[in-house]
Amino acid sequence: MADASQGVLVPGHPDLRVQGPPIELEREPLVNNTRGPGWISDRIASVIEGPTPRWWKISFGISVVFLTLCFSMILWLMSTGVGIWGNQHPVMWGWAIINFVWWIGIGHAGTLISAILFLLRQRWRTSINRAAEAMTIFAVMCAGIFPLIHIGRIWLGWWLFPIPNSNGIWPQFRSPLMWDVFAVSTYFTVSVLFWYMGLIPDLAVMRDRAKTKIRKFGYGLFSLGWTGSNRHWSNYEKAYLILAGLSTPLVLSVHSIVSLDFAVSQLPGWHTTIFPPYFVAGAVYSGFGMVLTLLIPLRRLLKLEDIITVRHVELMCKVTLATGSIVGYAYAMEFFIAWYSGNSYERFLFFQNRAADPFIIGPLFHIKPAPYWWGFWTMVICNVVVPQFFWFKKCRTSMFFVFFLSILVNIGMWFERFVIVITSLQREFLPSNWSYYSPTPMDILQYLGTFGLFFTFFLLFLKYIPLIAIAEVKGVTPQADPHHPLGGAKIGEKH
C-alpha cells in the first residue's frame, strides 16, 4: 500500500489511485499486506486441507501419552482412595483444588475475548477469538475433573445434581461447592453454544471446499445447511449477540463464585470481600497468558503472521498488563487490611506465614522465614513484576520475549492458588496441628495428565476446525469497508 499522501493503489487498475485517510487517522491494519478475502480463506483452510505437519504428529503423540497418564491416575485413585494424595490434616484441600481454580482461570480469556470485546466492538478480537474459545472449553473440561475426583467416591458424583430420588437426598444448596457445580456447568454449556454458533459460517466454507464425501458430509452436517443468505446472516447475528449477552455476566460470575469457596469461610487469609474481583482479574490475566503461550508459536508454525499480527500480540499484552496491575493492587490491599484490621491471626498469616523470606523480610523484622516463602515470592515476581515489562513497546513486539513472559504468567498464577490454599491451611489455630504440606508423585502426575487432555483436544481442534474465524476476519479487512478505497469508495481522478 502506498503512502496516504499519494493515494491507495486500486487492485486491477495500476494507473488509478484513491486518496486514503490522513496519516494521523491511520491505524495499523488487522490483516497485513492488504490480503484479500480469497487469500484469507485459502490460508486458514490450508491448515486443515494441507498435509499433517511433523510437529503436529509429534505433539499429538506426546499429548496422548499424557492423556493416558491422566486416566490411569484417575483409575488408581478410584481403586485406592485419596490417600495416594499428599492431603493430610490440617491441609485437606491440596493440589486438586489448586488445579481446579487454575484451570477455570485459564478458561476466562476465551469468553472475555468473544463476548465482552464483541459487545464493545473491539475488532481486533477476530483473529484470536476462535482459538481462545476452544481453549476455554478444553480448560473447563480439565477443571471439571478435579472436584469430581476430590469427593473420593467418584461414582457418587451425580449426587451433586438436584435429581429427585427415593431416598429424598438433595444437595446442600447453602454450600459454595454446590454453587460451583451450577456456575461451572452453566459456563461450559454457554461457552460451547457460543463457540459453535461462531463456527457455523466457517464450517460451511469447509463444506464447500471439501474434496472427499466424508468431509463434505461431516462439515455439511454441522454447518446446519448454511448458505450465506441474508436471512441466515440476520438470524446468525441475532443469536450471536444474545449468546454474547448471556456470556458476559458469566465471565464475572463464574470465578466470583469459585472465590466464594474460600471467602465465605472464617479462616484467616480466606475470609475477605476482595476475593471475587481479585479472582476475576487474576483469571483474565492467566487466560490471556495462556492465549499468548498458544498463539505465538502457532502463528509461526502455521504461517499466519499476516492474520495474527504483532498488533494483536501488543493489545493482548496491554490487557495482561492491566489485569496484572489489578492483581498486584489486590496483593497490596490484602497486606494493608491484615495490618489495619488489628487481627493478630491475619497479621501472622500474611506477614509471618507468607511473606517472611530468609533474605530481607525475615531479618528486617527478626522473624523466622515462612515455610512457603519461595512460593509467595515466585507469585509476586511473576504476577506483579513480570507484566510491568509490557509498558515498553520493544518488549511487547518481541515475540520470543512475550512468549517467555506468558509462561511466567501462568506459573505465577498457579503459585497464587498454591499460596492461597496451602499457606492458609497448613498452620491452623493449634500449633500442635501445624504441618508441612508436600505433594506426592500421584498429585504431580494427575496434574500433568490434565495437560494431555487439554492439548489432545486442542490439537484435534487445529486439525479439523478453522483456527481463525474466517468470516469475522474478512469483515475487518479494508475490502469489507464501504468507506475505504479498497472496499467500494468512489474512485478518484486518474493520476
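Student: In which helix is Thr-111 found?

Tutor: Bearing in mind that this is a predicted model, Thr-111 is found in helix α4, which covers residues 108-119.

Student: Does Thr-111 count as buried or exposed, and why?

Tutor: The call rests on relative accessibility, with buried meaning under 20%; Thr-111 has 5%, and therefore counts as buried. Leaving out residues up to four places away in sequence, Thr-111 touches Ile-116, Thr-136, Tyr-187, Ser-191, Ser-247 and Val-251.

Student: What should I look for in the largest nonpolar core, and which residues touch the most other members?

Tutor: In soluble globular proteins, nonpolar side chains tend to be buried together. Here the largest nonpolar core has 129 residues, of which Trp-103, Phe-262, Phe-461 and Leu-467 touch the most other members, and helix α9, residues 275-301, gives the most to this core, with 14 residues. A second, separate core of 11 residues includes Ala-115, Phe-118, Trp-226 and Leu-243.

Student: What is Phe-461 in contact with, leaving aside neighbours within four places in sequence?

Tutor: Its contacts are Arg-130, Ala-131, Ala-134, Phe-138, Trp-195, Pro-466 and Leu-467.

Student: How many residues of α9 are buried, and what span should the helix have?

Tutor: Helix α9 is mostly covered, with 23 of its 27 residues buried. At 1.5 Å a residue, α9 should span 39 Å, and because its end C-alpha atoms are 39 Å apart, the two values agree. Just after α9, Lys-303 takes a positive phi of about 55 degrees.

Conventions: Residues numbered from 1 in each chain as written. Predicted model: local features only at pLDDT ≥ 70, side-chain atom pairs only at ≥ 80, totals over all residues. Heavy atoms only, no water. Core = buried A, V, L, I, M, F, W, Y, C linked by side-chain atoms within 4.5 Å. Buried < 20%, exposed > 50% of the residue type's maximum accessible area, 1.4 Å probe, protein only. Helix = DSSP H or I, 4+ residues; strand = E, 2+ residues; numbered from the N terminus. Contact = heavy atoms within 4.5 Å. Expected span 1.5 Å × (residues − 1).
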